[in-house]
Amino acid sequence: MENTIIIRGGRRLSGEVEISSCKNSAVAILPAVCMASEIVKLYDVPEIEDTKVLVRLLEKLNIDVIVNKDVFTIDATSIQNVDLLNDDVRKLRASYYFMGALLGRFRYVKMYSPGGCNLGPRPIDLHLKGFEALGAKIEQVDDTITISAEELKGTDIYLDFASVGATINIMLAACFASGKTTIENAAKEPEIIDLSSMLNKMGAQIRGAGTSKITIYGVSRLKGCIHDIIPDRIETGTYIIAAAAMGDNVKVTNVIPQHIEALLSKLEEMGVKLEIGVDYVRVLSAENLKAVDVITQPFPGFATDLQQPLTALLTSAQGDSSIEETIYMERFKHCDELNKMGANTEWTTGRSKIHGGTKLHGAKITATDLRCGASLIIAALMADGETEISNAHHIYRGYENITQKLRNLGADVQ
Ligand code: EPZ
């Protein structure tokens, strides 16, 4: 039963919730540690399914990982570049960061192609084109990928799309490429800056992370370092939306407001009253919310990961809202589940429409992916009666201690 979350909705939320460290930063930083020739100490690694899977993969590479609460001491000095051909690789998309890290350090990597949430087609062509541009050869047999290179030479790479994963993977491999690599039309997500600052502490020469042009000057080895992972902007947005839905003065702490500006301004457009501090956001009130239109964009635009949680809130706003997805065209499975709770939404490839003013009621529903799960939890908090969310394992991949955090805010969650 533990793969099911049961929520009795309609209860008001109050108090404080502290945000954990960023999943999408941690899942890039853990594979990057493969490149270190000395010990790396990571603080605040979120204890979520994805990081547990990545630790198992690090151990398969004969890397020592000592976990003491949320401090990870990782020793990759005796790393062995074994082929990563096991099911763990398929449990999350971010396992593909081992490609850039191992190709960079060993000029060779062999592993299964990645898994992850079912959000529609998720190719990695931009990653592979980047590796080829650096001089690597790619072989794909069934779902096994082998990437090898005599040598990696810096070059200029232009990304057709500002892909987060491709930007990170190319940045990793380029750290050990000879000479200068530039990545144009690079993604600007905060996770990229966080990774770049850790790599530079290890002796990498990366400039421009967070802008659309990143320059990497190759080095021959990377030292150890100490690194504290940034707070999770998507978890932050999720709790702020939940507070807007059912909160009476909820304070969300350990926040970098600059990382969720698009969401905050959209919520204010809806009529949510916010107090934005240096490292917290307090949701003061949210009555008679207005419908809004949202277009998802790469950072700093409105995050695709937050359109699903926001949809739950929009079911109760006055009027019709629309969501236009420019990143994942099929990321609307939450709409069908919300409709089982009395919502009135419809969707087609690339867009959804939410007819607001509906009152949600409890139902038996299923989380189809991580942020769909987040959306259903918010809807269940809003709904009259009991909601049973199955396939909760999707949710535990990206939200540390979510049931405890919600109970601390006054929710009735099992
Ligand atoms: C990252 O995925 C995040 N995952 C996603 O969060 C997030 O939704 C996404 O960025 C966009 O912000 C992690 O960081 C682990 P992309 P990623 O490469 O890197 C297409 C969550 O809920 N594309 O920017 O896979 C791709 O199909 C997850 O935490 C190619 O066509 O995103 C998609 O349509 C879900 N070819 C678009 O680009 C490629 O080689 C965005 O992909 C790569 C991507």
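1. Cys 225 has 10% relative accessibility and therefore counts as buried, a class that means under 20% relative accessible area, with exposed over 50% and partly exposed in between (1.4 Å probe, protein chains only). The model is a predicted one, in which local features need pLDDT of at least 70, side-chain atom pairs count only at pLDDT 80 or more, and totals for chains, interfaces and linings use all residues. Residues are numbered from 1 along each chain as its sequence is written, and side-chain values use heavy atoms, with hydrogens and water left out.

2. A disulfide is taken as a pair of cysteine sulfur atoms within 2.5 Å. By this rule the count is zero. Cys 225 takes part in no disulfide, as the nearest cysteine sulfur, in Cys 175, is 12 Å away. For Cys 372, the closest cysteine sulfur belongs to Cys 335 at 9.0 Å, which is too far for a bond. Cys 372 is also buried, at 0% relative accessibility.

3. Which residues come nearest to the ligand? They are Arg 93, Asp 125, Ser 163, Asp 305 and Ile 327, out of 25 residues around the ligand; a residue belongs to this group if one of its heavy atoms lies within 4 Å. By class, the shell has 12 nonpolar, five polar and eight charged residues. Here Ala, Val, Leu, Ile, Met, Phe, Trp, Tyr, Cys and Pro count as nonpolar, Asp, Glu, Lys and Arg as charged, and the others, Gly among them, as polar.

4. Polar contacts are pairs of N or O atoms within 3.5 Å. The side chain of Asn 24 places an N or O atom 3.2 Å from an oxygen atom of the ligand. A nitrogen atom of the ligand lies 3.4 Å from a backbone N or O atom of Pro 123, and a side-chain N or O atom of Asp 125 is 2.7 Å from a ligand nitrogen atom. The ligand taken alone exposes 830 Å², of which the protein buries 90%, by the Shrake-Rupley method with a 1.4 Å probe.

5. Several helices (DSSP runs of H or I, at least four residues, numbered from the N terminus) each supply at least two residues of the ligand shell, among them helix 1 (23-32), helix 4 (125-133) and helix 9 (304-314). Helix 9 is mostly covered, with 11 of its 11 residues buried; these include Asp 305, Gln 307 and Gln 308.

Technical notes
Polar contact = N/O pair within 3.5 Å; in protein donor to acceptor, adjacent residues only side chain to side chain.
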